[in-house]
Amino acid sequence: MKKILILFIIIQIPYSCNFLAPKNIDGIKDWNKNKENYKIIIHDILKNSNQTFKIGENNFPSYSKFKYDTSFRILKPYPIKDSDTIDIHNLTIYFYYDRGLLDHFSALIYSNDSLQLSILDANVKNGGNDYKLENNWYLIND
């Protein structure tokens with residue numbers, strides 16, 4: 001009986017801890033609340049690209065106060081180039097709400113890459129929980 005109780009406690013602890021609970025963020029409400037902050041970050045990336053930021057994971061700048069994640073991802077443009085230099089004319093950035101497991105994620109996406117924009121537009125046309133928020137901005141729940 002004691003072993004069963006210990007096993008039950010060990011199994012229950014991860015499910016009762018807040019830091020392991022899934023993030024419950026409404027992407028549309030977050031966009032409406034923080035869109036100016038997102039746009040400031042994009043402006044900063046376009047202005048200072050390779051001096052301040054890099055392809056891959058980047059920390060949020062000190063002037064932003066996002067509570068749900070500590071970084072965002074700048075993708076290499078399509079087709080993938082060998083260079084790690086940011087191309088501000090073919091830029092795609094993922095602000096993740098939920099990085100998910102294996103093949104699932106939720107993210108606010110900014111892109112000015114024409115190929116990426118056509119892929120995002122197709123996702124939105126397929127319906128579901130994918131939205132075009134305004135030009136170059138999408139909320140994708142893949």
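Helices (H or I, at least four residues) and strands (E, at least two) are DSSP runs numbered from the N terminus, and by that reading this chain has three helices and six strands. Welcome to a predicted model, in which local features need pLDDT of at least 70, side-chain atom pairs count only at pLDDT 80 or more, and totals for chains, interfaces and linings use all residues. Residues are numbered from 1 along each chain as its sequence is written, and side-chain values use heavy atoms, with hydrogens and water left out.

**Overall layout**

- Along the sequence, the elements follow the pattern α-α-β-β-β-β-α-β-β.
- The chain has 142 residues, and 36% of them count as buried (buried is under 20% relative accessible area, exposed over 50%, partly exposed in between, with a 1.4 Å probe and protein chains only).
- The accessible surface comes to about 9500 Å², with 56% of it belonging to carbon and sulfur atoms (Shrake-Rupley method, 1.4 Å probe; for residues, only the protein chains shown count as cover).
- Among contacts with a separation of 6 or more, 45% come from residues 24 or more positions apart (contact means heavy atoms within 4.5 Å).

- Six strands form an open sheet in the order 1-2-3-4-6-5, with antiparallel pairing (two strands pair if DSSP finds at least two bridges between them).
- Strand 1 (56-59) and strand 5 are the edge strands, each pairing on one side only.
- From one strand to the next, the twist averages 30° (axes are lines fitted to C-alpha atoms, for helices over the stretch in contact, and angles run from 0 to 180 degrees between N-to-C directions).
- Strand 2 (residues 71-75) and strand 3 (residues 92-98) run antiparallel and are joined by three bridges; R73 has Y94 in strand 3 as its bridge partner.

**Helices on the sheet**

- Helix 2 (residues 27-52) packs on the sheet and touches strand 2, strand 3, strand 4 (106-111), strand 5 and strand 6, its direction making about 145° with that of strand 3.
- Helix 3 (residues 114-125) lies across strand 3, strand 4, strand 5 and strand 6, at about 55° to strand 6.

**The hairpin of strands 5 and 6**

- Strand 5 and strand 6 pair in the antiparallel sense over three bridges, and E134 has W137 in strand 6 as its bridge partner.
- Two residues sit between the strands of this hairpin.
- N136 lies in the loop between strand 5 (131-134) and strand 6 (137-141), and it has a positive phi of about 75° although it is not a glycine.
- With a relative accessible area of 24%, N136 is partly exposed.

**Salt bridges**

- The count comes to three salt bridges (a side-chain nitrogen of Lys or Arg within 4 Å of a carboxyl oxygen of Asp or Glu).
- K39 and E134 meet at 2.7 Å, N to O, linking helix 2 to strand 5 across 95 residues; K39 is partly exposed at 27%, and E134 is partly exposed at 28%.
- R73 and E57 meet at 3.0 Å, N to O, linking strand 2 to strand 1 across 16 residues.
- K76 pairs with D84, the closest N and O atoms being 3.3 Å apart; K76 is partly exposed at 28%, whereas D84 is exposed at 54%.

**A nonpolar patch**

- Y78, L115 and I119 make a nonpolar surface patch of about 250 Å² (patch residues have over 30% relative accessible area and no salt bridge; like charges are joined within 9 Å, and nonpolar side chains, Val, Leu, Ile, Met, Phe, Trp and Tyr, within 5 Å).
- I119 is in helix 3 and is partly exposed, with a relative accessible area of 36%.
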